[in-house]
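Here is a short report on chain architecture and helix packing. Keep the sequence and the 3D view at hand while reading.

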Amino acid sequence: MLLENPNSSLMETPSLEEDAVHTSPSDSGESAPIIDIEGVDFHYGKSKALSDITLAIPEKQVTAFIGPSGCGKSTLLRCLNRMNDLIEGAQISKGVIRILGTDIYDPTVDPIELRKHVGMVFQKSNPFPKTIYDNVAYGLRVGGLTDKHGLDEIVERSLRSAALWDETKDRLKDNAMGLSGGQQQRLCIARAIAVQPKIILMDEPCSALDPIATMRIEKLISELKSDYTIVIVTHNMQQASRVSDRTALFYLGELVEEGTTEQIFQNPDKKETEDYISGRFG
Amino acid sequence: MNAPEPNPFTKKRDRIQILGLNRESMLKYFFGGNASLAIVVLSLICIFLAKEALQFFPSHHRGLQLYRLSGQEFVDYLEDESRQHKKAAGYLARAYYGEINASSKREQGLLVAYEELSERLERETSKEALLFNTTFENLLDLQFEIEDSESEEDGAESFDIEAAKAEVTALTTRLEERRRTLRERKTDALKDPGMRELDSPISLSETEFQNIAEAIITTDPDAEDDAPHIQELNRTIDDKKAAAEAEYQDLFTQLEAFRAAGRPLDELIGPLRDHARTTKERAVAAETLRKGKEALLAGAENARDPERRAEFLADAEAIELEEVPYDELNQIFYDNIDAHHAVTSQMMRDLEQLGSQVVASGQTTIAQTNLSRFREELPELLTMLGETNDKLKAWRHDTPFPFLPSVLAFFTGKDWVTNSSWHDFYGFLPLFTGSILISLIALIVTVPFSVGAAIYVNQIAGWREQNLIKPVVEFIQAIPSIVLGFFGIAVLGTTLREVSQLEWLAWVPGFPMQERLNVLNAGLLLAFMAIPTVFTLAEDALNNVPRSFTEGSLALGATKVQTILRIVVPGALSGIIAAILLGFGRIIGETMVVLLVAGGSISLPDFSEGIGVITQPVHTMTGIIAQETGEVDQGSIHYRALFLLGMVLFSISLLINYSAQKIVFKYQLAR
Ligand SMILES: Nc1ncnc2c1ncn2[C@@H]1O[C@H](COP(=O)(O)OP(=O)(O)OP(=O)(O)O)[C@@H](O)[C@H]1O
Ligand SMILES: [Mg+2]
């Protein structure tokens, strides 16, 4: 199981792709949602962190999660690639999450395989204490790819996509810890896209960066949108309005309102949304 | 009152002040004082150790000089030859007796079984045997008294012979009764199936067992001879041995001739050795006097009181120094070089001839191995005999012993011989080898266990298991080492030896073990002691790997095992290496366990067995210090040699700690 050929079917049965064909009961008019969250309750032990979340995230768009601190944005995000499995006592107590039509909490789903499809970029950049090259190649190598030329090619393409190639092409064998904070975060993005996921989750990717580095990442996100579905958590309203197509506002573990970014920012349905966006909240 | 305007940043005065110090500076000095005290103590220890230890080298040098001056060096060249000859002869003898004993192996095994079984039965039937013996002794006493009174002509007054004779009859009946009971009891005990499980090397067939059982049952405590079966066994053994002796007559003659060939050399050595020893004693006595005189003169120089100075001077005057006439005394050695040449040339001729006669291979494995060893030793002996004479010709008692080689003689010396009537040798190698061998075994066992356990506990185990394993492993540290040593002697040693005697393990090098206390035993115990140290530190190192690394790896689709092997362990590697080094430091410095369990043999282990060397007994640097420090005179060369060992140990520990710190430091920078 460790060294599976990455080109073969990536998930244990049922395969994500196959299922996507015959389970897409979407009526949203646009394409079927790639992530479909239905009535999810989430508990950390006894304390409830999410209640009754229902949300559809469309493919190849940027969806922003916003909301005050502690409202459960990260929790929901980490549900999407099952990173919450690592926390003892944490579990979804109700509802289903489907990605490409497959219930990702089904016992037949292998979270390892799921995570190859759903990449993640963390709030604090966390490159491994290895070379830049090895960082980007890591996901491929653990997936069983050992071919040197193939690796070279993918590493270069990923670094180019993450707009990091020009800065690093001469120092691929240097330790990644020597990069600046913004470069490190872009390296983490390159690392995530190297395994060619369908979805990239980003948890406040710019919170530790200066405005210029933030701009570069935002630009990068807009570019990546054509190939990937991106879910981003942010505290920065301008950032949400600049980069996202859709926005979801959370409060105390509940989804307050969700819609196109334009609509949420200009013409929200709910009073709370308007208050939060204009900064009059709490 | 025109005080200067206080600015807002003026220091507030502390109300509590002692010796002009306020509370804050007092605390500062207190902690600073503690730190400097530690440094001062450490430096004092270093200086003290170094002072005592380094004085060893001049004393050692002087000792070696006397060794040469008194001709002991000369004699030891000869002794080396004789020793090598005896070694070769020993192998030949073992080969011969191996063949002889093999002829009656079965019968000897039966005898061993007989003895073991009788011993067991004696324990089983001790009560019945006691009753039997009492009656038997009473009967003997009575018969003796009757005889006594019969021989005395007029003894009929006080002793009633008739009554006594009646008593004898009664006792005899009772004795027969008890004999029956005893035999019955023995027969019963023998029916226990456990009686058939013997420690003896051979397994008995049913008839053999029955014969032996029969012999045991019929041998009563009053029996004067062995049972016929046993007598027969002994006869068979004697016959077979005699037959074998006849068969191996040639080998025996060769063995005798081989031994005889060495006798002239030994006869030559005898008087020379005594002469050298006497010279050495004179030299040492003269040396002691000279030192005493020097000390008195120095005392006189330093004394302030003129009266005391006069006293010292008078005392010093009274000591008459003896000039030992070395040239004259050594003449005997030079005179004997030709005799030695004659002896060894003859010996070489004899041995060469004998060597070609001895059979190439034996019947039994014992004979075979010993014969092949003999063949290895013989050429060495011959070259030695050929070369020694030139060495003797080149030897001069008055060539000064150079200083540097005397230092090297410590570090490369293979003998540690103290309190000897001949010469004390201080060779560091056997002790160092012992310490290193034990540490290696301990490390080889410790590292996989403790690092594996640390990885398991830190990365895989749930909190319930963690809460069980961690305290248990750390609890091991609370076991006093003396208790562990005791365990090593009483339990581990015996168990290891029993395991090593299992037939299907005979292929393991060094098995079956000759000794219970050896490198392996000590190494295993030390490993047990070091596991908590390495485990705890390695676990800490693993814990220090940031969680974000693990999460990052898992988020990229790596499995748990991949994450551990590619991210966590490399991230903690320097910490783990530092943990192993500190464990090594703990192992090499440990004293009690090695003193008790390493076997205490101060000789260089025999590496010809390869890895089997770990089943040999050794001594260690720490062990020898603990064992000998109590009984040496302060300031003697032996005392200083022990200090030097201490300093070497200290340097090793220091080096280990330093490297561990270096590694940890590097590792912290990387993050
Ligand atoms: N590992 C955990 N164990 C227990 N409770 C947790 C854990 N992680 C988060 N929580 C709780 O769940 C709730 C939601 O946390 P979450 O981290 O999802 O909030 P957030 O919206 O991401 O906040 P922020 O914007 O500050 O990152 C909070 O009340 C938090 O205390
Ligand atoms: Mg968060």
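Chain B has 23 helices and 2 strands. Helices (H or I, at least four residues) and strands (E, at least two) are DSSP runs, numbered from the N terminus. The radius of gyration of chain B is 37 Å, well over the 26 Å that the globule rule gives for 671 residues, so the chain is more spread out than a compact globule. That radius is taken over C-alpha atoms, and the globule rule is 2.2 Å times the number of residues to the power 0.38. Along its principal axes, the C-alpha trace of chain B spans about 140 × 80 × 70 Å.

This is a predicted model: local features need pLDDT of at least 70, side-chain atom pairs count only at pLDDT 80 or more, and totals for chains, interfaces and linings use all residues. Residues are numbered from 1 along each chain as its sequence is written, chains are lettered from A and ligands numbered from 1 in the order written, and side-chain values use heavy atoms, leaving out hydrogens and water.

Chain B splits into three parts, with bounds from an automatic or database domain assignment.

| Domain of chain B | Residues |
|---|---|
| Domain 1 | 19-54 |
| Domain 2 | 70-399 |
| Domain 3 | 443-670 |

The C-alpha centres of domain 1 and domain 2 of chain B lie 60 Å apart.

Now the helix pairs. Helix 5 (residues 126-151) and helix 6 of chain B cross at roughly 155 degrees, and their axes come within 9 Å. Axes are lines fitted to C-alpha atoms, for helices over the stretch in contact, and angles run from 0 to 180 degrees between N-to-C directions. Helix 5 and helix 6 of chain B are therefore roughly antiparallel (over 145 degrees).

How do helix 6 (residues 161-191) and helix 7 (residues 206-218) of chain B pack? Their angle is about 155 degrees, with the axes 9 Å apart. Helix 6 and helix 7 of chain B are therefore roughly antiparallel to each other. Contact (heavy atoms within 4.5 Å) involves Arg183(B), Lys186(B), Thr187(B) and Leu190(B) of helix 6 of chain B. From helix 7 of chain B come Phe209(B), Ala213(B), Ile216(B), Ile217(B) and Thr218(B).

Notes
Angles under 35 degrees count as roughly parallel, over 145 as roughly antiparallel, 65 to 115 as roughly perpendicular and the rest as oblique.
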